[in-house]
Amino acid sequence: MARRHDRRRTAERAGDPYAADAHDGAPYGSDRHPGPQPGPAIELRGVRRTYGRGAGTVQALRGIDLALAPGSFTAVMGPSGSGKSTFLQCAAGLDRPDAGEIRLGGEEITALGEKRLTELRRSRIGFVFQSFNLLPSLSVEQNVLLPQRLAGERQDRARARELLERVGLGGHAGRRPGQLSGGQQQRVAIARALITRPDVVFADEPTGALDTRTAHEVLELLRQAVDSLGATVVMVTHDPVAASFADRVLFLAGGAIVDDLPHPGPQAVADRMVALTARPVGAAA
Ligand code: ADP
């Protein structure tokens, strides 16, 4: 499989392709020009989330510190109960931490009201789910345009068509999701996640419902979204092969980041997971 390692150190790129796009309408950051170094696409500082009270208290996140550069692809792994879902929910503004700060594209989101947070989720965060979550009554193109519709933005049909071309579904814009295979539906979901040029795309086990070959195709597309479009992707996965498509793997255990593996190979990822599963929950790295 062709992997473009030379293009993977996206954190070192200058300029913000989305910002350039917004000004001149150039397609997909094709004209990346040097500019001021952008800040992190997303940043968490001291993020804690506790469930329950008294003796039943669970510290799901114990102080997460993290900054992810624009144009980076990060996988998040960890044993069951390690805090992956809670991390994703908090980082994506779907749940509120008890303490700490989360900045999305430089904007602190933890103190935002519900209405503003919903607006921000619609326009500045893309989601890819294990179960695709397309609306069956809408066409493929309408599904891709849905985030713009929900955000009250102009529906950019030309961009929707181009994204569908990119994910290999140029000829399927008028179909219904039910007429597509699982892999094709997930490609639609990726196009949908990218339509608003979000600060971050969160992918939650995006290949969990796919066979190995289709999963590879979907992971290649996420990789391309990062390499070609400058997207920032955060993917929760339990699959070491899936994680190996990322630039970096963060390992959670007991609600803390206990390991950070750059340039992950599947075997190295699998070895770390085995070591983590053997480690007592909550133990430090
Ligand atoms: P993971 O996604 O890695 O399996 P979670 O983020 O779902 O982990 O859970 C982290 C910890 O928080 C676990 O101990 C889990 O039991 C607990 N937890 C998660 N959600 C809730 C909840 N709504 N109420 C109480 N405890 C929860």
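This is a predicted model: local features need pLDDT of at least 70, side-chain atom pairs count only at pLDDT 80 or more; totals for chains, interfaces and linings use all residues.
Strands E1 and E2 form a hairpin with six residues between them, and Gly 52 in the turn has a positive phi of about 75°.

E1 and E2 run antiparallel and are joined by eight bridges. On its other pairing, E1 (residues 42-51) is linked by five bridges to strand E4 (residues 99-104), again in an antiparallel way.

Now zoom out. These strands belong to an open sheet of four strands with antiparallel pairing, in the order E2-E1-E4-E5. Which strands are the edge strands? They are E2 (58-68) and E5 (107-108), each of which pairs on one side only.

**Around the ligand**

Next, turn to the ligand. Its surroundings are made up of Tyr 51, Val 58, Ala 60, Pro 79, Ser 80, Gly 81, Ser 82, Gly 83, Lys 84, Ser 85 and Thr 86. By residue type, this shell divides into four nonpolar, six polar and one charged.

The table shows three of them.

| Residue | Atom on the protein side | Distance to a ligand oxygen atom |
|---|---|---|
| Gly 81 | backbone N or O atom | 2.7 Å |
| Lys 84 | polar side-chain atom | 2.8 Å |
| Thr 86 | side-chain N or O atom | 2.6 Å |

How much of the ligand's accessible area does the protein cover? On its own the ligand has 560 Å² of accessible area, and the protein covers 58% of that. H2 gives the most, with three residues.

**Aromatic rings**

Another feature to look for is a group of rings. A pair of aromatic rings is described by the distance of the centres and the angle of the planes. The count here comes to two aromatic pairs. One of them is formed by Phe 127 and Phe 129, with 5.8 Å from centre to centre and 10° between the planes, and this pair is stacked. Ring pairs link Phe 127 and Phe 129 with Phe 202 into a cluster.

Are Phe 127 and Phe 129 buried or partly exposed? Phe 127 counts as buried because its relative accessibility is 18%, and buried means under 20%. Phe 129, with a relative accessible area of 29%, is partly exposed.

**Two arginines**

Arg 124 is found in helix H3 (residues 114-124). Which side chains does the side chain of Arg 124 contact? It makes a polar contact of 2.7 Å with the side chain of Glu 107, and a polar contact of 2.7 Å also joins the side chains of Arg 124 and Asp 199.

Arg 192 sits in helix H6 (residues 182-194). Its relative accessibility is 10%, so Arg 192 counts as buried. Arg 192 also shows how the chain folds back on itself in space: Arg 192 and Val 144 are 48 residues apart in sequence, yet their C-alpha atoms are 4.0 Å apart.

Note on methods:
Residues are numbered from 1 along each chain as its sequence is written. Side-chain values use heavy atoms; hydrogens and water are left out. Two strands pair if DSSP finds at least two bridges between them. A residue is near a molecule or strand if one of its heavy atoms lies within 4 Å of it. A polar contact is a pair of N or O atoms within 3.5 Å; within protein, one must be able to donate a hydrogen and the other to accept it, and residues adjacent in sequence count only if both atoms are side-chain atoms. Accessible areas come from the Shrake-Rupley method with a 1.4 Å probe; for residues, only the protein chains shown count as cover. Ala, Val, Leu, Ile, Met, Phe, Trp, Tyr, Cys and Pro count as nonpolar, Asp, Glu, Lys and Arg as charged, and the others, Gly among them, as polar. Rings of Phe, Tyr and Trp (its six-membered ring) pair if their centres lie within 6.5 Å; planes under 30 degrees apart count as stacked, over 60 as edge-to-face and the rest as tilted. Buried means under 20% relative accessible area, exposed over 50%, partly exposed in between (1.4 Å probe, protein chains only).
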